[in-house]
Amino acid sequence: MRDNHLHTHFSYDSDAAFQDYLESFDGEIVTTEHYDVSNPYSKQDDVPDYEAYVAEIADLNAAYGNRIKKGIEIGYYQPREADIIAYLADKDFDLKLLSVHHNGVNDYLDEEVADMDKHTIMQEYLDKLEYAIGRVEADVLAHFDYGFRLFDVSVEELKTYEEQLRRIFKKMIDHGLAFELNSKSMYLYNHEHLYVYALDLVKELGCHKYSIGSDGHKLEHFRLQFDRIQKMLQEKGIEEKEIM
Ligand SMILES: [Zn+2]
Ligand SMILES: [Zn+2]
């Protein structure tokens with residue numbers, strides 16, 4: 001099973017080299033580099049250098065037996081939609097993740113967000129996520145819980161958003177997006193229980209596309225807890241052919 005959410009130095013917040021991953025694992029890798037416009041964290045547009053990215057992958061593919069695929073993590077931000085579509089138009093990626101990372105003022109991982117009202121933030125984030133699906137072409141809905149990663153949320157609390165979550169996941173399925181099991185959210189932000197709950201929902205709604213991603217920015221997090229997630233999917237009756 002491939003790790004479908006991974007960053008290298010082509011992302012603004014990672015120093016990892018492709019070789020770090022290639023030398024610790026003998027299968028295929030795909031990196032999904034951050035494309036975050038109007039990023040409030042860095043106060044700029046964070047755009048991977050596509051020409052350099054393609055060139056480095058070509059070199060490494062020659063040396064490592066064609067084991068590297070090209071990917072991108074699209075940080076959707078509605079006021080910049082036209083720029084996002086224009087950037088993607090002439091580029092070729094094997095895998096596109098759709099994410100919502102910020103509201104124009106804060107990235108949802110900014111420290112100050114932790115002190116804001118949990119339910120206000122959750123509602124705002126879920127509204128943005130619901131809107132984002134289908135606005136740009138993508139393959140995977142990344143970390144559905146990103147907007148509330150910093151919060152302790154119980155399943156009971158998340159259930160109060162179930163009607164909207166059903167709409168979000170239905171929209172995800174209708175647009176052919178896979179549901180991502182994000183191991184960073186699950187095991188570094190302790191949201192495994194929320195993913196177990198969401199998994200039942202998406203399954204019930206007829207989802208047949210799943211993607212496992214570590215969201216690793218360094219070797220230490222590459223393929224984090226993949227055995228455990230694979231076992232969880234198996235126990236839920238999800239077949240191997242349904243996992244990207
Ligand atoms: Zn992300
Ligand atoms: Zn990421």
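Predicted model: local features only at pLDDT ≥ 70, side-chain atom pairs only at ≥ 80, totals over all residues.
Figure 1. Residues are numbered from 1 along each chain as its sequence is written, and chains are lettered from A and ligands numbered from 1 in the order in which they are written. The fold has 9 helices and 7 strands (DSSP runs numbered from the N terminus: H or I of at least four residues for helices, E of at least two for strands). With a radius of gyration of 17 Å, close to the 18 Å from the globule rule for 244 residues, the protein is as compact as a globular protein of that length; the radius is taken over C-alpha atoms, and the rule is 2.2 Å times the number of residues to the power 0.38. Those C-alpha atoms fill a box of roughly 50 × 40 × 30 Å along the principal axes.

Figure 2. The unreviewed UniProt entry carries the annotation "domain: PHP" for residues 3–183; positions follow the numbering used here, feature names are shortened, and annotations may be inferred rather than shown by experiment. Over residues 3–183, the chain is 35% helix and 19% strand, and the end C-alpha atoms sit 10 Å apart.

**Figure 3. Zinc ion (ligand 2) and its four donors.** His5 (NE2), His7 (NE2), Glu73 (OE) and Asp215 (OD) coordinate this zinc ion (ligand 2) at 2.1 to 2.3 Å. Donors here are N, O and S atoms within 2.8 Å of the metal (3.2 Å for Na, K and Ca), and water is not among the atoms, so sites may look incomplete. The 4 donor atoms subtend angles of 79 to 166 degrees, which makes the arrangement irregular. For the record, four donors are tetrahedral if all angles lie between 85 and 135 degrees; four are square planar and six octahedral if opposite donors are over 155 degrees apart and all others between 65 and 115; anything else is irregular. Along the sequence, the donor residues run H-x1-H-x65-E-x141-D. Glu73 in strand E3 (residues 68–75) and Asp215 in the loop between strand E7 (210–213) and helix H9 (226–235) link distant parts of the chain, 142 residues apart. Both Glu73 and Asp215 are buried.

Figure 4. Protein donors to zinc ion (ligand 1) are Glu73 (OE), His101 (NE2) and His143 (NE2), lying 2.0 to 2.2 Å from it. Glu73 is in strand E3 and His143 in the loop between strand E5 (140–141) and helix H5 (155–159), so this pair ties together parts 70 residues apart in sequence. His143 is buried, at 0% relative accessible area.

**Figure 5. A look at His9.** His9 lies in the segment before helix H1 (18–24) and, at 37% relative accessibility, counts as partly exposed. Skipping residues up to four places away in sequence, His9 touches Ser14, Asp15, Ala16, Ala17, Phe18 and Glu56 (contact means heavy atoms within 4.5 Å).

Definitions and conventions. Heavy atoms only, no water. Buried < 20%, exposed > 50% of the residue type's maximum accessible area, 1.4 Å probe, protein only.
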